[in-house]
Amino acid sequence: MNPRRKKRLGVILAIFIGVSATIGLILYALNQNMDLFYTPTELVYGKQDGAKPEVGQRLRIGGMVVEGSVRRDPQSLRVSFDLADVGPKVTIVYDGILPDLFREGQGIVAQGVLTDATTIEAFEVLAKHDEEYMPSEVAEAMKKTHEPLQYSTEQTQGSGQ
């Protein structure tokens with residue numbers, strides 16, 4: 001092999017090793033920051049594939065705040081509350097100021113660390129807005145779009161009798 005080809009092969013190998021190392025480091029960093037989303041039922045019973053989170057794992061959980069379950073520590077900002085969907089309840093413990101939209105019976109998403117099978121130490125709580133809320137522009141557009149559809153449906157039902 002002549003020296004010129006040897007040099008090209010060395011450069012190509014160096015580029016290949018550099019790109020491979022970069023991709024490997026990116027995948028490693030993404031894996032460290034990936035938080036899986038669970039519902040309270042999936043947290044207790046596991047997902048459909050049987051995977052359950054382990055104690056100490058970072059995760060996100062979403063559900064409805066159970067009525068009458070909010071307990072506040074009078075000496076600090078520490079709050080604990082129960083979260084449920086259609087199944088079992090999970091306790092969320094949060095130390096901080098809750099969002100303005102937070103209230104019992106409201107949907108929330110909490111991000112934190114699983115401390116035992118049904119308790120999560122949250123470092124972030126996000127309150128969902130009312131699902132019926134719609135910006136006025138979208139509501140007007142939907143109204144315009146659905147009025148002709150509703151009218152034609154009424155005509156069709158009336159003519160079939």
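Tutor: Gladly, and let's begin with the core. This is a predicted model, in which local features need pLDDT of at least 70, side-chain atom pairs count only at pLDDT 80 or more, and totals for chains, interfaces and linings use all residues. Residues are numbered from 1 along each chain as its sequence is written, and side-chain values use heavy atoms, with hydrogens and water left out.

Student: Which residues of the largest nonpolar core touch the most other members?

Tutor: They are Ile61, Phe81, Ile92, Ile108, Ile120 and Val125, out of 19 residues in that core. The name nonpolar core stands for a set of buried Ala, Val, Leu, Ile, Met, Phe, Trp, Tyr and Cys residues joined through side-chain atoms within 4.5 Å. At least two core residues come from each of β2 (58–65), β4 (78–84), β5 (89–95), β6 (107–116) and β7 (119–127). Strands here are DSSP runs of E with at least two residues, and helices are runs of H or I with at least four, numbered from the N terminus.

Student: What is Val125 in contact with, leaving aside its neighbours within four places in sequence?

Tutor: Tyr94, Leu98, Pro99, Phe102, Ile108, Val109 and Ala110. Contact means heavy atoms within 4.5 Å.

Student: Why is Gln106 called buried?

Tutor: Buried means under 20% relative accessible area, exposed means over 50%, and partly exposed is in between (1.4 Å probe, protein chains only). Gln106 has 7%, which is under 20%, so it is buried. This residue sits in the loop between β5 and β6.

Student: What makes the pair Gln106 and Arg103 a polar contact?

Tutor: The term needs a pair of N or O atoms within 3.5 Å; within protein, one must be able to donate a hydrogen and the other to accept it, and residues adjacent in sequence count only if both atoms are side-chain atoms. The side chains of Gln106 and Arg103 are joined at 2.9 Å, so the distance meets the cut-off.

Student: Is Glu121 buried, exposed or partly exposed?

Tutor: Glu121, in strand β7, is partly exposed because its 29% lies between the cut-offs. Its side chain makes a polar contact of 3.3 Å with the side chain of Arg78.

Student: How do you know that β6 pairs with β2 and with β7?

Tutor: Two strands pair if DSSP finds at least two bridges between them. β2 and β6 have seven bridges and run antiparallel, while β6 and β7, also antiparallel, have eight, so both pairs qualify.

Student: What makes β6 mostly covered?

Tutor: Seven of its ten residues are buried. Across the protein, buried residues make up 24% of the 161 residues.

Student: What does the UniProt record say about residues 9–30?

Tutor: The unreviewed entry annotates them as "transmembrane region". UniProt positions are given in the numbering used here, feature names are shortened, and annotations may be inferred rather than shown by experiment. In the model, this span is 100% helix and 0% strand, with its end C-alpha atoms 32 Å apart.
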